[in-house]
Amino acid sequence: MSPLSLQSISKSFEGTRALDTVSLEFPEASITAVIGPSGCGKSTLLKLCNGLERPDSGEVQAFGRPLDYGDLPPLRRRMGYAVQGNGLFPHLTARDNISLLATLENWQAAAIEQRLEELVSLCQLEPALLDRFPHQLSGGQQQRVGLCRAMMLRPEILLLDEPFAAIDPTTRLEIQRQVLAMHRAEPTTAVLVTHDMREALRLADQLVI
């Protein structure tokens, strides 16, 4: 059974149809790239997967059950979410941004530190950067911090909404390689939204156009 699926999903905004009876299954422990031009409904599809948007019709299923829109936090704890521009909290250090969800989940300090060390190594993020604030980091460093935060709770599903779009091409290639390394080390059901076909071909096991 697929950990994440859409069944005949339709969604409109002010009369404009963004998705029209879309059915998809995202294979377990694989990267699926959703590719298309701006405005075609890619980000809407991703937001439907974790309940940020609700479909007009059809059903989203995660872990074998329809989404319970009245109780989304338990579901979201099993999903990582990284967006374009990283979405870091400017008043928190990189360390606190990454560990925020684990702190809210009442992880022990030793467990948080161990997980931080794992992620810093996987993402090739210099430990000295953890005590800096987002404005003190480069775009590529910020994006690595955002990926670490998305992976902090060891999610079973990872949602990536054009996370590399605002990064220069050289840094983008480096982070793409690190994403593949992270996926090999900690396989998840990953959904990558992108408008870059080369990126999709480089990273994905499955393409949705």
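**Exercise 1.** Work out what share of the residues of the protein chain counts as buried.

*Solution.* Start with the model: it's predicted, so local features need pLDDT of at least 70, side-chain atom pairs count only at pLDDT 80 or more, and totals for chains, interfaces and linings use all residues. Residues are numbered from 1 along each chain as its sequence is written, and side-chain values use heavy atoms, leaving out hydrogens and water. Next, take the cut-off: buried means under 20% relative accessible area (1.4 Å probe, protein chains only). Of the 209 residues, 50% pass.

**Exercise 2.** Find the residues with the most contacts inside the largest nonpolar core.

*Solution.* First, the term: a nonpolar core is a set of buried Ala, Val, Leu, Ile, Met, Phe, Trp, Tyr and Cys residues joined through side-chain atoms within 4.5 Å. The largest one has 37 residues, and Ile-98, Leu-119, Leu-125, Val-145, Leu-147 and Phe-164 have the most contacts inside it. Then look at the elements giving it two or more residues: among them are helix H3 (94-104), helix H5 (139-151) and strand E8 (189-194) (helices are DSSP runs of H or I, at least four residues; strands are runs of E, at least two; both numbered from the N terminus).

**Exercise 3.** List what Val-145 touches, not counting residues up to four places away in sequence.

*Solution.* You get Leu-88, Ala-94, Asn-97, Ile-98, Leu-125 and Leu-137.

**Exercise 4.** Say how many helices and strands the protein chain has.

*Solution.* Count the runs: 7 helices and 9 strands.

Note on methods:
Contact means heavy atoms within 4.5 Å.
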